[in-house]
Amino acid sequence: MRDIASDILIKGGRIIDPAQNRDGVGDLLISNGIIQEISSSITPSDNWVQVIEATGKVVAPGLIDLHTHVREPGFEYKETIASATAAAAYGGFTSICCMPNTNPVNDNQSVTELILEKAAKEGMVRVLPIGAITKASKGCELAEMGELVAAGCVAVSDDGLPVMNSQVMRQAMSYAKIFDIPVIDHCEDLNLTDNGVIFEGDVSTRLGLRGIPASSESVMVARDIALAEQTGARVHLAHISTAASVHLIRDAKRRGIPVTAETCPHYFTLTDEAVGCFNANAKMKPPLATEQDQAEVLAGLADGTIDLIATDHAPHAADEKAQALDCAPFGIIGLETALPLSLELVGRGVLTLPQVIRKLSFEPARVLGKKTGVLGIGDPADITLIDLDTEWVVDEQHIKSMSKNSPFMGRQMKGRATAIVVGGKLIEN
Amino acid sequence: MQLKRKDILGIAELDREEIDLILQTAESFKEVSSRAIKKVPALRGKTLINLFFEPSTRTRTSFELAGKRLSADVINISSSSSSTLKGETLLDTTRNIQAMHSDFIVIRHASSGVPHFLARSVESAVINAGDGANEHPSQALLDLLTIKENKGRVKGLKVVIIGDILHGRVAHSDIHVLKKYGADVHLVAPPTLIPTGIERWGVQIHYHLDQALAGADVIILLRLQLERQGSSYFPTLREYAELYGLNARRLALADSEALVMHPGPINRGVEVSSDVADGLSSVILQQVSNGVAVRMALLFLLSGGKHA
């Protein structure tokens with residue numbers, strides 16, 4: 001007996017597989033959840049095959065978000081595994097990596113298992129947990145990394161917080177080499193941030209808000225590069241936002257130090273001017289910086305200094321954001337808007353379409369040391385179908401996340417995922 | 001002529017025509033405060049709520065008197081008595097006040113932008129009585145009135161503002177208003193208390209007080225929050241007073257007719273010595289009197305009142 005649902009023929013799409021330099025119109029056959037065949041024309045062998053007409057659409061490897069805050073367990077009023085994966089599916093992501101700053105923190109096997117069980121039951125896309133670097137992400141004692149990896153964690157991070165103690169960070173990097181997993185750091189010097197709220201510059205001065213200096217990020221980027229050089233561990237730098245950081249990473253890569261870096265769509269789309277008149281939905285860490293910083297982030301994306309694009313999807317309830325700006329929590333959602341904002345990079349002359357897709361699929365997989373993010377024959381079928389031309393406006397109807405804290409509400413977008421295939425299972429938007 | 005707006009949130013968005021109107025109206029209200037019966041019926045039946053989330057005596061009393069002299073009913077809500085201590089959110093507090101149909105809400109809050117948040121959520125006229133390090137518009141208006149009364153003009157005057165510019169909402173609003181009227185504005189503070197990029201507001205920055213004071217027409221002192229001592233802003237009050245305190249020797253460097261102003265309350269011996277605070281150049285108490293008149297003008301104009 002053949003499983004009807006698992007046989008899908010995607011016909012006539014522009015198949016883009018950056019890792020294999022494929023970019024051409026053709027057909028793709030999925031059988032039993034596996035990519036069976038890719039060729040210029042495939043005729044369905046029998047009537048059991050579900051045919052998806054993809055003419056005019058892009059057929060890409062399933063997008064992978066290396067940086068999602070799922071909020072479950074502990075903050076289910078902001079987001080759940082069910083709602084985050086629904087948002088991911090709608091945004092074109094077939095895998096999301098969930099940061100450990102839940103309650104309790106994902107610093108042990110039980111929390112990892114809970115996340116994976118929930119994801120298996122309620123998740124629409126794959127959920128890859130990231131374990132904590134230190135116990136309760138307090139930055140003091142290392143969490144049991146071996147146990148976390150055995151339970152299914154793909155990386156470690158104390159995201160939301162930096163590991164301020166450089167000795168602890170050095171030891172974490174050294175220890176992570178046992179498991180060959182990346183250590184992901186949220187680069188922020190908390191002493192320099194002080195009580196800062198938005199980027200320290202003209203806008204913070206105009207609004208009388210405490211600023212977060214650019215050096216809060218770059219000081220830690222420099223430290224992490226020094227520690228990566230010393231330990232030889234794989235270090236991944238999250239949500240890079242400033243010119244100074246891009247310069248440091250570019251230089252480190254030139255010297256062969258094993259660092260990778262991500263940025264987020266808001267850093268290459270907005271500047272601190274988006275804070276406008278105290279808009280709490282433009283408040284996140286690191287903060288939106290200046291035009292010069294944005295220009296350097298774009299240059300970093302173009303020359304490969306910045307390896308990939310991640311969302312830093314950080315849901316917060318409406319009443320949490322409806323406060324005085326300095327009391328409102330940091331963070332914005334991003335799963336539903338990341339793809340169209342990244343596609344804008346093509347029109348802005350920063351990246352080609354295959355490069356955009358690569359930074360949203362193959363590169364995050366590469367950071368994790370996984371051979372996914374490609375359209376390989378015999379691989380599990382994780383695929384994203386993209387309509388490049390659909391124009392739409394970001395509103396609540398297009399936000400599947402439980403939280404709506406986005407600075408892009410009301411913004412005109414072009415292009416979106418029309419469907420994803422996760423392990424051979426089709427989810428249409 | 002009438003004001004074009006529902007709220008007074010900051011000086012930055014006011015134009016000169018509006019500021020002139022407020023000052024003219026304030027001048028006509030000064031006379032009310034000198035009468036034996038200090039009351040006119042302009043705002044009878046109107047309700048003013050003073051919503052103060054930060055301790056304040058001067059500004060709150062000034063708004064209260066302004067409201068009462070115009071016959072409005074005035075209610076004071078301070079942070080110690082407010083429901084925020086019971087965990088009520090700002091939005092809920094706001095909605096409750098709105099439900100009580102207040103005509104004016106005067107708000108002071110430690111966070112920048114709270115009056116703007118309030119103004120977006122309520123129909124009442126909102127007056128910013130100081131938000132974080134952002135603005136304190138009524139203070140700047142009374143400072144402007146005081147300068148105009150004493151100097152007859154603002155354009156071309158050398159105004160030196162001394163002290164904590166970084167946390168200073170008074171400095172922010174004063175700079176905006178003084179620049180709008182063409183003053184030559186100088187800021188003096190340690191670099192740790194000067195906000196990034198403020199030189200782009202068209203002001204000159206000094207780290208040395210003596211140099212800045214030469215030929216000054218107006219000296220505006222800012223109140224130093226004493227808890228800044230021991231943080232990384234400056235080492236001790238002693239050293240701060242030594243480097244940035246105004247005393248008789250330094251005052252002599254300014255123009256002989258220079259005015260000394262301070263929004264209060266004064267830290268005697270820190271930002272200013274007692275002989276200067278109480279001396280002939282000081283117009284500090286005149287500022288207080290003008291404060292009531294300016295706030296009467298704001299309430300009157302926001303209620304739709306027209307200045308003849």
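The model is predicted: local features need pLDDT of at least 70, side-chain atom pairs count only at pLDDT 80 or more, and totals for chains, interfaces and linings use all residues. Residues are numbered from 1 along each chain as its sequence is written, chains are lettered from A in the order in which they are written, and side-chain values use heavy atoms, without hydrogens or water.

**Chain A overall**

- Chain A has 14 helices and 18 strands. These are DSSP runs numbered from the N terminus: helices are H or I with at least four residues, strands are E with at least two.
- The C-alpha trace of chain A spans about 65 × 45 × 45 Å along its principal axes.
- In chain A, 61% of the 429 residues count as buried (under 20% relative accessible area, 1.4 Å probe, protein chains only).
- Among contacts in chain A with a separation of 6 or more, 75% come from residues 24 or more positions apart. Contact means heavy atoms within 4.5 Å.

**The open sheet of chain A**

- An open sheet of 8 strands runs β6-β7-β8-β9-β10-β13-β14-β15 in chain A, with parallel pairing. Two strands pair if DSSP finds at least two bridges between them.
- β6 (63–68) and β15 (308–309) of chain A are the edge strands; each has a single partner strand, so one side of each lacks a neighbour in the sheet.
- β10 (residues 183–185) and β13 (residues 235–237) of chain A run parallel, joined by 3 bridges. A:Asp185 stands opposite A:Leu237 in β13(A).
- Helix α4 (residues 166–176) of chain A packs on the sheet and touches β10 and β13 of chain A.

**Strand β1 of chain B**

- Strand β1 (residues 47–52) of chain B has 5 of its 6 residues buried, so it is largely enclosed by the rest of the structure.
- β1(B) runs parallel to β2 (residues 73–78) of chain B, with 6 bridges. B:Leu51 has B:Ile77 as its bridge partner in β2(B).
- β1(B) also pairs in the parallel sense with β3 (residues 104–109) of chain B, over 5 bridges. Here B:Phe104 is the bridge partner of B:Leu48.

**Helix α6 of chain B**

- Helix α6 (residues 169–180) of chain B has 10 of its 12 residues buried, so it is largely enclosed by the rest of the structure. Among the buried residues are B:Arg169, B:Asp174 and B:His176.
- B:Gly182 follows α6(B), with a positive phi near 80°.

How values were computed
Buried < 20%, exposed > 50% of the residue type's maximum accessible area, 1.4 Å probe, protein only. Axes fitted to C-alpha atoms, helices over the stretch in contact; angles between N-to-C directions.
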